[in-house]
Amino acid sequence: MPDPSPRPAGLSRRGLAGAAVGALGAAAVVSATSETAHAEQPFQAIARKGPRPRPNFLVILADDLGAADLSVYGSPDIKTPNLDALAATGVRFTQGYSAGAVCSPTRIALYTGRHPGRIPGGLQEPIGQVNDRDGIPPEHPTLASLLKGAGYSTHMVGKWHGGFLPTFGPLKSGWDSFYGNYSGGIDYFSKYAHTGAYDLYDGEQLVEDPRYYTDILTEKAIGVLRSVKDQREPWLFNLNFTSPHWPWEGPGDKAVSDEITAKVKAGNPQALFHYDGGSLEKYKEMVENLDSAIGKVLAELRRTGQDRDTVVLFASDNGGERYSYNWPFTGVKASVNEGGIRIPAILSWPGRLPKRTVDDTPVSTTDWTATFLELGGAEPDAAYPLDGTSLVPHLFEGEEVPERDLFWRTRNGRALRRGDLKYVRSGSTDYLYDLGVDAREQANLAARRPADLAELRTAWEKVNATLLAYA
């Protein structure tokens with residue numbers, strides 16, 4: 001594949017992409033007065049002899065958080081000291097990707113380790129209706145069921161969005177406990193969903209709690225960490241916040257909630273999308289509130305003495321929405337341009353991963369599934385082969401991640417990244433971008449490099465042929 005851009009000797013094509021794209025974030029971070037940024041160094045694995053212990057896994061997902069919505073990723077206005085501090089304890093990935101462009105597909109990819117389009121529920125963008133088709137089938141192996149089979153206890157708090165009761169749910173797919181909502185966005189106070197139904201559950205039983213949802217999830221998360229503190233077996237804990245997903249409500253916005261909820265109950269589910277509300281200041285408040293909540297959870301992890309035994313992953317389920325700061329990327333949630341699928345991704349395991357490091361390796365949602373299964377000593381089910389690549393050799397042995405294609409498909413778009421090159425189709429038009437020099441996806445090279453375009457398009461179509469077709 002031709003490479004028109006000169007590079008210093010010894011710098012790989014992937015390294016060039018990381019340097020170019022990562023530098024955008026690094027420059028912004030330095031200007032954001034974050035202490036973390038000034039001490040960051042390129043990732044290098046810690047050399048250790050002997051077997052690794054099986055860690056606990058704390059997987060924290062934000063909802064619709066953009067690639068640059070954290071101060072450690074360059075936000076000029078939003079301050080996130082707790083997530084900045086988490087990054088200081090481990091690895092900050094500059095090229096993190098979600099496997100889907102909206103909520104359900106990415107969560108299905110994380111839980112199954114496979115492309116969303118391998119099951120009917122993954123074709124929904126997102127899952128929005130109660131039926132017995134759209135969800136993760138209980139018989140399908142998941143991160144939770146596989147780790148549970150390897151001796152882990154498994155817990156989830158927050159947003160599930162992998163299918164509705166009575167057919168689907170976390171308790172049917174390998175999690176021992178669940179407290180949260182089954183749908184996508186719910187009102188932060190009333191807990192009503194866009195379906196018009198109330199949606200707050202303890203397991204599979206409705207519960208009432210009118211408090212601000214992020215506060216509830218934080219309290220429940222702390223309770224989980226206390227409950228697993230003295231058990232012998234390791235644990236998996238998926239903590240899925242709905243913030244900063246719409247509706248645009250902070251802890252003091254009960255009056256806004258009352259207005260929206262009244263409209264939902266009157267038969268207007270669109271009211272929850274809050275197209276007539278929100279602001280940059282409100283979004284800032286919600287993200288900073290989320291950061292504070294995560295800080296409380298991480299403090300409890302330390303207080304209970306479990307931090308050095310726990311791998312913590314923080315990420316978003318897809319790119320940012322209306323009020324997100326996605327610079328320098330184009331596109332937002334639901335788009336396969338970088339702004340729709342590029343996300344913050346922070347990984348920490350004190351004593352096992354180096355502190356204050358930056359990794360420019362492109363990584364995607366299904367890679368985390370494969371990585372956690374390997375670290376936890378759980379074998380994938382051969383009948384449901386994973387689509388991700390385990391990062392264990394890279395993170396703990398210093399190996400380069402093998403070159404592989406990153407694949408995305410939505411009902412209205414397609415994308416495939418190979419090295420620096422990214423193929424995109426939007427509508428009926430094909431685009432080819434070199435992300436190493438054009439992270440903003442403005443220079444369409446399709447006409448100048450037809451052979452590369454054809455090669456990546458063929459690769460996309462080969463994967464697509466293995467997936468279920470959209471109805």
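1. A quick word on terms before the geometry: the domain bounds used here come from an automatic or database domain assignment. For this protein, that assignment gives domain 1 (53–398) and domain 2 (403–470), and their C-alpha centres lie 27 Å apart.

2. Keep in mind that this is a predicted model, where local features need pLDDT of at least 70, side-chain atom pairs count only at pLDDT 80 or more, and totals for chains, interfaces and linings use all residues. Residues are numbered from 1 along each chain as its sequence is written, and side-chain values use heavy atoms, with hydrogens and water left out.

3. On to how the domains meet: 26 residues of domain 1 are in contact with 25 residues of domain 2 (heavy atoms within 4.5 Å). About 2,100 Å² is buried between domain 1 and domain 2, with carbon and sulfur atoms giving 53% of that; buried area is the accessible area (1.4 Å probe) that two parts lose on being put together, summed over both. On the domain 1 side, Leu123, Glu125 and Val336 lose the most area to domain 2, together 27% of what that side buries.

4. Now the charges. Two salt bridges are counted between domain 1 and domain 2, taking a salt bridge as a side-chain nitrogen of Lys or Arg within 4 Å of a carboxyl oxygen of Asp or Glu. Have a look at Lys422 and Glu338, whose side chains meet in a salt bridge at 2.8 Å, N to O.

5. As for residue classes, the side of domain 1 that touches domain 2 has 13 nonpolar, eight polar and five charged residues (Asp, Glu, Lys and Arg count as charged; Ala, Val, Leu, Ile, Met, Phe, Trp, Tyr, Cys and Pro as nonpolar; the others, Gly among them, as polar).
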